[in-house]
Amino acid sequence: MEEIAIKVDNISKVYRLYDKPTDRVRDALGLGRKKRYKEHYALNGVSFEVKKGESVGIIGTNGSGKSTILKIITGVLNPTGGELTVDGRISALLELGAGFNMEYTGIENIYLNGTMCGFTREEVDERMQDILDFADIGDFVHQPCKTYSSGMFVRLAFAVAINIDPEILIVDEALSVGDVFFQAKCYKKFEDFKEMGKTIIFVSHDLSSISKYCDRVILLNKGNKIAEGGPKEIVNLYKRFLVNQGEVDGKAQSDAQGQADSGDGMKSWKSNYVINPEVDEYGTGAANIIDFAVIDEDGRCTNSIMKGTAFQIKSKVCFMEQVDNPIFTFTFKDIKGTAVTGSNTMIEKVDIGTASPGEVYVACFEQDMSLQGGEYLLSISCTGYADGEFQVYHRLYDVINVTVISDKDTVGFYDMNSKTSIEKVEA
């Protein structure tokens, strides 16, 4: 029988929300019987188990209860109801600053955190050099933490968390602060921890990391546990909640394929996305992009695509004037603004002919996702040539972001999907 490191049994956390500060005071003093508050369930009867040696991810939209459950597990918060059982010494890296005194130096905070975890000064001394080597912040370790940059702070906090020999490591979003090289070192440490049979609970919005490092994933939404299972299954379910397609029972509110094929009378594709408020939109007005979509292999409108899967980009254009041989385009750029890849109907040798006023066309680009995991910006346009001059009829630059979820990234912008083999030959 597998040993249980953490058991969360019907845990709830309820906050009282008051309209006015005076209501809070009157309630605290027991003045009157009138209920002056509303109850907010940050967690509502959440139950799950984490086995020893398991890496479990917790995902969900903002306000789903992820950080609350971590704070209850680590003892920062007390639950309103339910029972918690923890078997093993916990080291936690929650939000930036948790467990550190900003007036103390880095060295003093290392001793402070070690003492809070039950270590003697001598035991902290034994681990001190490993902590300093991993943090690699030089002489700043002798300065007050209030003088640190956020990057230096998280380096020291993580170095302390992983070098006090925890049996259970709990990490919230804090790693997103560190630079890319430090993050790589932290993820390498995750791998080492897994090989050593340590237990890891990992909360992140980085779905690629969740897919790569977690054996199992738990999905929370508005304080409720929606589902748990393998990373791919739960990430796919989470994508529905990102576009408001999920219900508490985990079923879609509308048939996904039907939505992707939506037409007149149904909600627009683009209503599923957060539109970039800084989108660069311009054109002659001869055509208007009235709708667009990114559609995953299951037919869902989403901006999260799993690397290696098939997906579509669609744009719906209404023509206001007669246009000969319009060209539909799309481009992916990285967050630094570098154009990574893209195509258009002219490159793909799709001849549209003449579009008349009032006519509506839908362009569909279908391909496999070979970009590396990360964040990209999608641009779409309708262009063409009139009297030999290039024309932009309507263009939406950086209209939405697209997240590529990957558990294997090669070198560079995209994956060549190499088929690799090794053969031993005679010398």
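Helix H2. I first looked up helix H2, residues 66-73, and found it mostly covered, with 6 of its 8 residues buried. The buried residues are Lys66, Thr68, Ile69, Leu70, Ile72 and Ile73. I also noted that H2 is followed by Gly75, whose phi is positive, near 85°. I keep in mind throughout that this is a predicted model.

Salt bridges. I then asked how many salt bridges the structure holds, and the count is 16. I looked up three of them individually.

In the pair of Lys52 and Glu3, the closest N and O atoms are 3.5 Å apart. This pair links distant parts of the chain, since Lys52 sits in the loop between strand S2 (37-51) and S3, Glu3 sits in the segment before strand S1 (4-18), and the two are 49 residues apart. Lys52 is partly exposed, at a relative accessible area of 35%, whereas Glu3 is exposed, at 52%.

Glu54 and Arg216 meet through their side chains in a salt bridge of 2.8 Å, N to O. Because Glu54 lies in the loop between S2 and S3 and Arg216 in strand S8 (residues 216-221), the pair ties together parts that are 162 residues apart in sequence. Both Glu54 and Arg216 are buried.

For Asp415 and Lys307, the closest N and O atoms of the salt bridge are 3.0 Å apart. Asp415 lies in the segment after S20 and Lys307 in the loop between strand S12 (304-306) and strand S13 (310-319), so this pair ties together parts that are 108 residues apart in sequence. Asp415 and Lys307 are both buried.

Cavity. I searched for cavities of 30 Å³ or more and the count came to 1; the volume of the largest cavity is about 40 Å³. Which residues line the largest cavity? I listed Ser55, Val56, Phe190, Lys194, Ile200, Phe202, Tyr213 and Cys214. The elements that give two or more residues to this lining are strand S3 (55-59), helix H6 (180-195) and strand S7 (199-203).

Cysteines. Cys214, one of the lining residues, is buried, with a relative accessible area of 7%. I counted 0 disulfides. Cys364 is in no disulfide, and the nearest cysteine sulfur, that of Cys301, is 11 Å away; since a disulfide needs sulfur atoms within 2.5 Å, I left that pair out. Cys364 is partly exposed, at 41% relative accessible area.

Positive phi. I looked for residues with a positive phi that are not glycine, and wrote down Asn325, at about 50°, and Asp398, at about 55°.

Surface patch. Finally, I looked up a nonpolar patch on the surface formed by Val25, Leu29 and Leu31, which together have about 280 Å² of accessible area. Val25 has its place in helix H1 (residues 21-28) and is partly exposed, with a relative accessible area of 48%.

How values were computed. Residues are numbered from 1 along each chain as its sequence is written. This is a predicted model: local features need pLDDT of at least 70, side-chain atom pairs count only at pLDDT 80 or more; totals for chains, interfaces and linings use all residues. Side-chain values use heavy atoms; hydrogens and water are left out. Patches are made of residues with over 30% relative accessible area and no salt bridge: like charges are joined within 9 Å, nonpolar side chains (Val, Leu, Ile, Met, Phe, Trp, Tyr) within 5 Å. Accessible areas come from the Shrake-Rupley method with a 1.4 Å probe; for residues, only the protein chains shown count as cover. A salt bridge is a side-chain nitrogen of Lys or Arg within 4 Å of a carboxyl oxygen of Asp or Glu. Helices (H or I, at least four residues) and strands (E, at least two) are DSSP runs, numbered from the N terminus. Buried means under 20% relative accessible area, exposed over 50%, partly exposed in between (1.4 Å probe, protein chains only). On a 1 Å grid over the protein atoms alone, a cavity is a set of points where a 1.4 Å probe fits but cannot get out, and a pocket is an open set with protein on both sides within 12 Å along at least five of seven lines; lining residues have an atom within 4 Å of a point. Grid points are joined across faces, edges and corners, and a volume is the space filled by probe spheres set on the points.
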